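Dear colleague,

Please find below the structure that I am handing over to you. My notes on it come after the display.

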Amino acid sequence: MSPALALVGVSRRYGPLAGLRQVTLSAPDKGVLAVLGASGSGKSTLLRVIAGLEPVDEGQIQLSGRVVSRRGFTEPPEARRVGLVFQDYALFPHMTAVQNVRFGLSRDPPQKRAAIANEWLDAVGLAAKANAYPHELSGGEQQRIALARALAPKPSALLLDEPFSGLDPVLRSELRDLTRRIAKETAGAFVFVTHDAEEALFMADHLAVMAHGRLVQADEPRSLYERPATLAAAAALGPVNQFEGVVREGRLATPFLDFPAPSLTDGTRATAVVRVEALAATPGQRFLVAERRPQGARDLVMVRCEKSGVLWRALIPAASPAMARCEVSAPPSSRLVFPTPDSQS
Amino acid sequence: MGALAGLVCAAPAVLVIAGALSSGPTSPLPFFWASVAGSFGLAVVGGGFAALLGVISAWLVAMCAFPGRRFFSWALVLPLAAPGYVLAYAYAALTWAGGPAPLSVSGFWGAAWIYALAFYPYVYLAARAAFASQSACALEAARSLGASPLAMALKVAAPSAWPGVAAGTALAVMEILADFGVAQYLGVSTLTTGVFRAWFSKAEPQTALQLASLLLTAAVGLLVVERLLRGRRGFAGGSARWRPLPRYRLGAFWTAVAFLFCAGLLTLAVIAPLGWLIRLAALRPLSDLALLAEPLGNALILAGAAALVTLPLAAILAAAARQPDPLRARLGQGGLFLAGMGYAAPGAVIALGALAAFAAAREAGLVGGLSGATAFAALLWTYAARFAAPGAQPIEAGLSRVSASLGFAARTLGAGPVRRFWAVDAPIAAPSVLAAALIVFVEALKELPATLILRPFNFDTLAVRAYAYASDERLTQAAAPALLIVLAGLLPTLLLSSRIERARAGRRP
């Protein structure tokens, strides 16, 4: 069976800048594909080409096996059945909530439209606000209406562009839960674009990291988190400690720990990477604890190697005893080494 | 499309310049230099005085807390509802023409006084917007660093507000140069009255065209200055977060000064002159009203026709400037600027241009003489040329409410272009289109010089009737038509005031 949404070698150029370069990606049915990237990484362009708001210069886009975009052909957005949820909600200000949801139901028989719209209002928990105008709704409620409106016409893919970024943390987590639940129950692919690594990890069944218009890596969120293919992918998914050096005898020595690098030849310049949350600090003698700050259940500690001056960060249980000096450790699987790109060219 | 619409608006102005250039040098009439001096002097004195009144009142209302502040905030805009000539008639009636005040509001200083009171709201609006859009944080920072109200005004607020103030002053000076009614009535020689004299009394079309192109050059210069400054108004910016501005609580003395200043300004610009006109109108027998029926009907028909002709033009201009394609948008912006030229040009000048165009068409055998129908057409063209730009402004603002994402949302929900227009764009932009229609309607109702030049024979409007009565020293009879014009002008003025109040920086639209 073909995936709900597939991009094959899609490129989109804006003058000299590359909007998208050779992106190949697919999203499963009834799942969430999260796209993580900084601003300018091409993730918004990705949504726009999938929605049909922009043409592609190379490659093609398929919805359930049907080609909707290729060079020289773009099925217009009003024909391709892709839902879009905007950062600013984009509700029609002159229509009530239920009128907004009904807007996209022109393909359904008229006598069924009211029932479908009410079902969706129910699904997002806003049946009581059906006749409210957008300006009478809170930000979270507006976002729910936008979600219901995009889903009501049963799109083959639903695209969400930073949909929760304007909301406070409590509403945000409520809406994340709601969106995931609906995605699991609804046919079609959900493509969720965000610059927030934690949100991407939470939402994703499948996670894609983008930078500079290119797909950096795409995988299941856990594997991507644990085994990133590049330094960029590793850094995109949360804070990391880094140290650049030269590989000797199959390993890269850092002031703190040795990193095994069996696949790299001696003399290669490489960067050792370990996630801040994977580095543990225990009372010891070798390193100075420069600072310790509470961060909820755990404390962030700054560990300094006095000989080299290098500073790393580690997370320790908040209940750990006070310490002036420490020892650090990290599980072998969390010690990553990436060749520095320049050394190969 | 947009550029074309702009050309339609700018064509009469261009024809005037072409006519003046084609004539070659002629010896200027004796009143040529007096006209230039009169206009220049009034622009400097009247404009300067208007700027002073506008900035002080805007500063008090935007930055200080005193009783009545909210009321003054919108009431100080009211003089915009009354055309300058109505104010001039009222002051004449109040003073030398048998009124109670032992003053003589006439001649150069009288005209400067009237201009200052009639046009300070342009500066007031621009300055208020500039003060109001400053970052509250910057002002709070200044206060926490110990700045007094005066120091804050001079060191923080003034530098960030000056582009707005200068742009508003440019608008006021533009209005002063374009004015005909005030200068004519108070007996000052200006470029506009010179155009009239040369055209009608002295039958010197070449001098008229020369004076007109001089006026036009000044107006376009002011327009360019205003546009450039308006583009820089943004630099107050900073934090986009909306917060009530930290207003200064004034002490008892300064509270009294602030209140008396605003109340005095309002009394001089609105309450006294209009009150006196109302009193005069009340002296006349009711049968006077019957005499007004015809000019009122004419004015409504003419203004309605002007709105009908101008609205499509304004809509095209506004839509063209908002094209997604950057090149087309640039063309559209060019069209808007051309239309702005039509707006900046005095009515008398545009009317001359339209006349020149029709004269040329007659020579080419395209139309007959300047009969009722052609005169009417020329008049409508003049109105369209002058008021397409102010009409395009609210439409542009309305279209900007239809954000790009709304259009995308409609598309992804399966709506084609026709449905998008009727179901989304049109209903959202409708109030702004109505506002534009209202503005054009009222402007056409108030317009005097072009109407005087181009109206078909014996076709009197309210403005023409008021002018005729006042010129005959029958001020008591002029009061009623003048008041009707003011009444019509109130609507768009209040609309404008409330819209600007709502458009405070950083607030959600």
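Predicted model: local features only at pLDDT ≥ 70, side-chain atom pairs only at ≥ 80, totals over all residues.

Residues are numbered from 1 along each chain as its sequence is written, and chains are lettered from A and ligands numbered from 1 in the order in which they are written.

Chain B

Chain B contains 20 helices and two strands; both are DSSP runs numbered from the N terminus, helices being H or I of at least four residues and strands E of at least two. Among contacts in chain B with a separation of 6 or more, 84% come from residues 24 or more positions apart; a contact requires C-beta atoms, placed from the backbone, within 7 Å.

Helices α4 (residues 84-94) and α11 (residues 252-283) of chain B pack with their axes 9 Å apart, at an angle of about 75°. Axes are lines fitted to C-alpha atoms, for helices over the stretch in contact, and angles between N-to-C directions run from 0 to 180 degrees. α4(B) is therefore roughly perpendicular to α11(B) (65 to 115 degrees; under 35 is roughly parallel, over 145 roughly antiparallel, and the rest oblique). The residues of α4(B) that meet α11(B) include Leu87(B) and Tyr91(B), and among their counterparts in α11(B) are Trp276(B) and Leu280(B). By class, this contact has eleven nonpolar, no polar and no charged residues. Here Ala, Val, Leu, Ile, Met, Phe, Trp, Tyr, Cys and Pro count as nonpolar, Asp, Glu, Lys and Arg as charged, and the others, Gly among them, as polar.

Helix α13 (residues 326-344) of chain B has 19 residues and should span 27 Å at 1.5 Å a residue, which agrees with the 26 Å between its end C-alpha atoms; the expected span is 1.5 Å times one less than the number of residues. The buried residues in α13(B) include Gly332(B), Phe337(B) and Tyr343(B).

Contact between the chains

In chain B, 14 residues are in contact with 18 residues of chain A. On the chain B side, α16 (404-412) and α17 (417-446) each supply at least two residues, and α16(B) gives the most, with six. This side has eight nonpolar, five polar and one charged residues.

Chain A

An open sheet of six strands in chain A has the order β7-β8-β9-β3-β10-β11, with mixed pairing; strands pair if DSSP finds at least two bridges between them. Its edge strands are β7 (82-85) and β11 (214-219) of chain A. Strands β3 (residues 32-36) and β10 (residues 206-211) of chain A run parallel and are joined by four bridges, with Val35(A) partnered by Ala208(A) in β10(A).

Elsewhere, strand β1 (residues 5-14) of chain A runs antiparallel to strand β4 (residues 58-63) of chain A, with five bridges between them. β4(A) also forms a hairpin with β5(A), with two residues between them, and Ser64(A) in the turn has a positive phi of about 45°.

Yours sincerely

Methods. Contact = placed C-beta atoms within 7 Å. Buried ≥ 20, exposed ≤ 12 C-beta atoms within 10 Å, placed from the backbone.
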